[in-house]
Number of protein chains: 2
Amino acid sequence: MAYERKNIENMAAYIPGEQIDSPGILKLNTNENPYPPSPKVAAALGKCDVARLRQYPPPTARSLQESIAARHGLSPDNVIVTNGGDELLRMTIATFADSNDSIAVARPTYTLYQVLAAAHGCKLTNFELNEDWTHPEHYADLLNKSGAKVCFLVNPHAPSGTLTALEQIALLAAEFQGVLLLDEAYIDFVDPAISYQSERLLEEFDNVLILRTFSKGYSLAGLRMAYGLGNPAVISPLMKTKDSYNTDLISQSLARAAIEDQEYASETWKNVRSERQVVTAALREMGCVVPESQSNFVLATMPAGTSAEKIYLALKDQGILVRYFSTEERLENKLRITIGTPQDNKRLLSAMSALQEMS
Amino acid sequence: MAYERKNIENMAAYIPGEQIDSPGILKLNTNENPYPPSPKVAAALGKCDVARLRQYPPPTARSLQESIAARHGLSPDNVIVTNGGDELLRMTIATFADSNDSIAVARPTYTLYQVLAAAHGCKLTNFELNEDWTHPEHYADLLNKSGAKVCFLVNPHAPSGTLTALEQIALLAAEFQGVLLLDEAYIDFVDPAISYQSERLLEEFDNVLILRTFSKGYSLAGLRMAYGLGNPAVISPLMKTKDSYNTDLISQSLARAAIEDQEYASETWKNVRSERQVVTAALREMGCVVPESQSNFVLATMPAGTSAEKIYLALKDQGILVRYFSTEERLENKLRITIGTPQDNKRLLSAMSALQEMS
């Protein structure tokens, strides 16, 4: 017998990226940081006292909340710590949208949003990004007309890697009547010269909720730690709906060590930025169209006569995983490639170059 | 402006038990295991490789799923690993009940159920337990008449500690038309002579979902790890609605070490059982009414002329925390006391005895 809700019976599950963990495999398909976490994370792990696990952890991860607040020049009341970014995304829908309400995204985008909306019984309203990956004109009007309670905006955008300027986001936040969730999973890789500081939006707007994660910038995807930044108008209701002890004691302590070592983390970001240029230039050299990425991946459109699918499969045969989107029309003949270490990128580029010569 | 759903605006947040972490405080208020986790958990922690945290964890905690399945003589498909029991409870409501549907419990019970139902926009239908903490007669009929989509049944019951026999649960499962969640958070402390093996219910019933946790029996409340056992009719939809990577790599590995060391864990359960007898006998000696507990706590009704509230406050003054329920009529003049180590219990009992002599 089927006991689940109709919307759940009818929905398809989210399919995580391929995680093949065998020696020699080069994973450039799930946008992980190619560098290990800070040595201070290892030191924090070494100091964890297993005997303390007997007791419940601090329910809101208070010490970590304070470290995060300090990093952003905010108060701990502006911070909610979550079990990965997924949890914050799900909670945002469950807290701000009733069943049958509309959630808005601009396509193409992260496919998890569709799954989360369906699981909650919400409609996902899709708008199309412009050819150059910018948002549609009068986007706020379109959102308001759609009645969307929540809009997810990924910045830098995935899968194109392009960045929407802060000024444009401010205009959107001012006009949009629902909650604007800025999914900034990849924000740490933005060129610091751009001076993108979305915390400033919180001075003015109470409908902005900023998602940050330890998964990418701090090389801690395996730890499942993320956080939301916002005003009490959005943070307080989320605090009511989060699981009562949603993060564990070890993860709280390791995440704190990571965020307090900005020097180490920003060195990995610098390396990724510099390699992003190398990879972008080399792919363009091969005839690919590659928009300027501010993320730790690039989206490459294969040149005419070259099949992205064939390249994807041939690379896989050689133990190199990149992301190929078989179902999205807008992503036809494109590959999303995570920036690796210089050595990783050399391996990728020479494999691609050899495949192109053969085709 | 209020952006959240009406039901969330109107609901009260769950208030976790007092967690005062200072030296000399004796915490007998939140039912934690008084013994540390297995030495094998510490060994597993020592073996964690921080560099592996760079990548996403196994999304369903596959190795742990297999260890859990082996322990219960089930298949991994019968197991869902969750970020604490809270996550499974929340997901059960969100997966099997639409907004405005009814969730049933027998009162008094765990106050979190009320919060979770309210957060999802569900009604909580309360039935009253009998004087001796057994379920109402024809409980399945009452549940079916109420239209409940989910019934939470805590076994052993909290806060009384009493156990409902497996035969009775089987009758309920056979007749109830919704999903019967057995919250077995405290099951590890049941006398093995009773031979309570709820896994057997799964041979017959596809509407039974069993919650087990690492928090109590395995001394890992700080780790946030739990699991559900059930047939695919309930496990498969939950797999669709769980966060895509809901548990982290370190917790998966530590939980696995814990469940594979049954010898150590069952030694802590034996000690708790034997001390439970000591504490029960001593409290009865003082004139308290204490039902037979199969859990790691006892519920003591103070003798006439003694105020539970006063005892609670006086113990707190001495650095001993027990649980006093100020708002539940059925729990008037009662204290819920977690079973500690022999030394913990001696300290509690002599403090209580001294307070009684003074009153």
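In helix H2 of chain B, which spans residues 39-47, B:Val41, B:Ala44 and B:Leu45 are buried, a residue being termed buried if 20 or more other C-beta atoms lie within 10 Å of its own, exposed if 12 or fewer, and partly exposed in between, with C-beta atoms placed from the backbone. Seen down the axis of H2(B), these buried residues fall within an arc of 100 degrees, so they line one face of the helix; the arc is that of the directions from the helix axis to the C-beta atoms. On the other side of H2(B), B:Pro39, B:Gly46 and B:Lys47 are exposed. Helices (H or I, at least four residues) and strands (E, at least two) are DSSP runs, numbered from the N terminus.

The model is predicted, with local features requiring pLDDT of at least 70 and side-chain atom pairs counting only at pLDDT 80 or more, whereas totals for chains, interfaces and linings use all residues. Residues are numbered from 1 along each chain as its sequence is written, and chains are lettered from A and ligands numbered from 1 in the order in which they are written.

The cover over the buried residues of H2(B) includes helix H9 (249-260) of chain B, two residues being in contact if their C-beta atoms, placed from the backbone, lie within 7 Å. The contact between the chains takes 63 residues from chain B and 63 residues from chain A. On the side of chain B that touches chain A, the elements giving two or more residues are H2, H4 (84-96), H5 (112-120), H8 (232-241) and H9 of chain B.

In chain A, A:Leu142 lies in helix H6 (residues 139-146) and touches A:Phe127 and A:Pro136, not counting residues up to four places away in sequence.
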